Amino acid sequence: MADLILTQSVLDKTKTEIENALIKAGVNTVLLIDEAGNVVTACKHKTCTLDTTSLAALAAANFGVTAQIAKLIGEDDFSLLFHKGKKDSIHFARINNDLILVTIFGENVSLGLVRLRVAELAKTIEKAFAQIY
Amino acid sequence: MNMALINLSKKEIHCKIVYYGPGRCGKTTNLLYIYNAMNNQARSKMLTIETKGERTLFFDLLPLNLGKINGFNIRIQLYTVPGQIIYKATRKLVLKGVDGMVFVADSLKVRQGKNMESLQDLHDNLLDYNLNTEEIPIILQFNKRDLVPTPIPTLTKEELEIDLNSQLNTKVFEAAAIKGIGVFETLKEISKRTIQYVARKHLSTNH
């Protein structure tokens with residue numbers, strides 16, 4: 001088992017990809033977290049005062065819990081989760097065995113767009129991180 | 001599965017320390033005492049998911065900044081697990097990516113069996129992640145020592161040692177977490193061991 005060591009180049013590349021795919025499309029916040037609940041990288045608008053540490057811990061726990069629910073109904077895992085709020089909604093997608101992409105977006109962005117962009121982004125991030133495992 | 005997260009771009013190391021132990025042994029009390037005693041710069045918000053009866057349902061989380069080593073900011077996240085035996089699946093989830101552990105034992109005589117059961121549960125859960133207590137730093141805290149002089153039947157230090165430390169063979173701290181006695185001694189030691197463990201693996205090599 002290895003520790004996750006983030007190099008500057010992988011982080012920069014990932015951040016740029018997230019900015020281009022999601023933030024520029026109007027998404028409020030994107031967090032890349034690991035399953036232990038650590039924030040790998042956070043991209044958000046300057047005005048956002050979100051507590052990313054807590055969010056990452058709870059999101060990882062949330063993923064863990066739904067994975068257990070999945071097992072109860074005979075699935076291995078749910079690869080994406082979506083919670084709808086009145087104004088803001090949150091979308092979770094698994095990237096690989098360790099990484100989860102968390103996207104928070106408002107009414108101005110459609111779920112379809114988020115799903116499409118996240119699916120593309122997941123592949124790019126998976127490739128970028130493949131070099132450091 | 002990853003353990004410590006090392007961010008070379010921000011020069012940060014994130015470690016996860018988990019407080020483990022039977023239900024009602026004082027894991028959350030340890031974290032609360034640390035939270036209240038730390039100044040605002042060092043600590044972040046403490047996150048607690050509790051059930052109605054004061055029991056930890058999922059986990060408590062307390063992020064701390066512990067200063068710098070070799071130019072790296074050390075950030076530690078303290079987690080507790082729900083001690084009640086029925087929450088086994090949750091405990092296992094919280095152990096994911098653990099870098100250091102504190103096993104909090106209850107000094108009450110009636111909890112003797114629960115202590116041993118919980119330690120065995122920890123071993124089993126770690127094994128599922130291919131981990132063991134020989135590799136990951138772990139220390140013991142015998143909590144509620146303030147009850148020893150009272151009429152409530154308690155376990156002696158020797159009894160607790162035989163039950164819990166014959167296999168672990170690790171450092172023991174006596175504590176009364178509710179009064180803060182032994183809390184920081186425990187935290188200091190596990191932080192030191194955890195950071196040494198992570199640093200030994202990485203900071204000496206060139207990345």
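## Sheet of chain A

A:Leu80 stands opposite A:Ala93 in strand 5 of chain A. Helices (H or I, at least four residues) and strands (E, at least two) are DSSP runs numbered from the N terminus. The model is predicted: local features need pLDDT of at least 70 and side-chain atom pairs count only at pLDDT 80 or more, whereas totals for chains, interfaces and linings use all residues. Residues are numbered from 1 along each chain as its sequence is written, while chains are lettered from A and ligands numbered from 1 in the order in which they are written.

In chain A, 5 strands form an open sheet in the order 3-2-6-5-4, with antiparallel pairing. Its edges are strand 3 (39–44) and strand 4 (80–83) of chain A, each of which pairs on one side only. On average, neighbouring strands of this sheet are turned by 10 degrees against each other, direction ignored. Strands of a sheet pair through backbone hydrogen bonds, either parallel or antiparallel.

## Helices on the sheet of chain A

Helix 1 of chain A packs on the sheet and touches strand 2 (29–34) and strand 3 of chain A, its direction making about 35 degrees with that of strand 3 of chain A. Axes are lines fitted to C-alpha atoms, for helices over the stretch in contact, and angles run from 0 to 180 degrees between N-to-C directions. Helix 3 of chain A lies across strand 2, strand 4, strand 5 and strand 6 (99–105) of chain A, and runs at about 150 degrees to strand 6 of chain A.

These two helices also meet: the axes of helix 1 (residues 8–21) and helix 3 (residues 111–130) of chain A come within 10 Å and cross at roughly 170 degrees. Helix 1 of chain A is therefore roughly antiparallel to helix 3 of chain A (angles under 35 degrees count as roughly parallel, over 145 as roughly antiparallel, 65 to 115 as roughly perpendicular and the rest as oblique). Helix 1 of chain A contributes A:Val10, A:Lys13, A:Thr14, A:Glu17, A:Ile18 and A:Ala21, which meet A:Arg117, A:Glu120, A:Leu121, A:Thr124, A:Ile125, A:Ala128 and A:Phe129 of helix 3 of chain A. The residues of this contact divide into 7 nonpolar, 2 polar and 4 charged. Ala, Val, Leu, Ile, Met, Phe, Trp, Tyr, Cys and Pro count as nonpolar, Asp, Glu, Lys and Arg as charged, and the others, Gly among them, as polar.

## Interface of chains A and B

In the interface, 22 residues of chain A are in contact with 26 residues of chain B, a contact being two residues whose C-beta atoms, placed from the backbone, lie within 7 Å. Strand 1 (4–6), helix 1 and helix 2 (52–72) of chain A each supply at least two residues to the side of chain A that touches chain B. Helix 2 of chain A gives the most, with 6 residues. By class, this side of chain A has 10 nonpolar, 7 polar and 5 charged residues.

Strand 1 of chain A and strand 1 (residues 5–7) of chain B run parallel and are joined by 3 bridges. A:Leu6 stands opposite B:Asn7 in strand 1 of chain B.

## Architecture of chain B

Chain B holds 5 helices and 8 strands, in the order β-β-α-β-β-β-α-β-α-β-α-β-α from the N terminus. Its C-alpha trace spans about 55 × 35 × 30 Å along the principal axes. The radius of gyration of chain B is 17 Å, which agrees with the value near 17 Å for a compact globule of 207 residues (taken over C-alpha atoms; the globule rule is 2.2 Å times the number of residues to the power 0.38). Of the 207 residues of chain B, 47% count as buried. A residue is buried if 20 or more other C-beta atoms lie within 10 Å of its own, exposed if 12 or fewer, and partly exposed in between, with C-beta atoms placed from the backbone.

Strand 4 (residues 56–69) and strand 5 (residues 72–80) of chain B pair in the antiparallel sense over 7 bridges, with B:Lys68 opposite B:Asn73 in strand 5 of chain B. Their hairpin has 2 residues between the strands, and B:Asn70 takes a positive phi near 50 degrees there.

## Buried sites in chain B

B:Phe142 lies in strand 7 (residues 138–143) of chain B and is buried, with 28 other C-beta atoms within 10 Å. Beyond its neighbours within four places in sequence, B:Phe142 is in contact with B:Ala105, B:Ser107, B:Lys157, B:Leu160, B:Val172, B:Glu174 and B:Ala175.

In helix 2 (residues 88–95) of chain B, the buried residues are B:Thr90, B:Arg91, B:Leu93, B:Val94 and B:Leu95. Their cover includes helix 2 of chain A together with strand 2 (12–20), strand 4, strand 5 and helix 3 (112–128) of chain B. Just after helix 2 of chain B, B:Gly97 takes a positive phi of about 75 degrees.

How values were computed:
Pairing = 2+ DSSP bridges.
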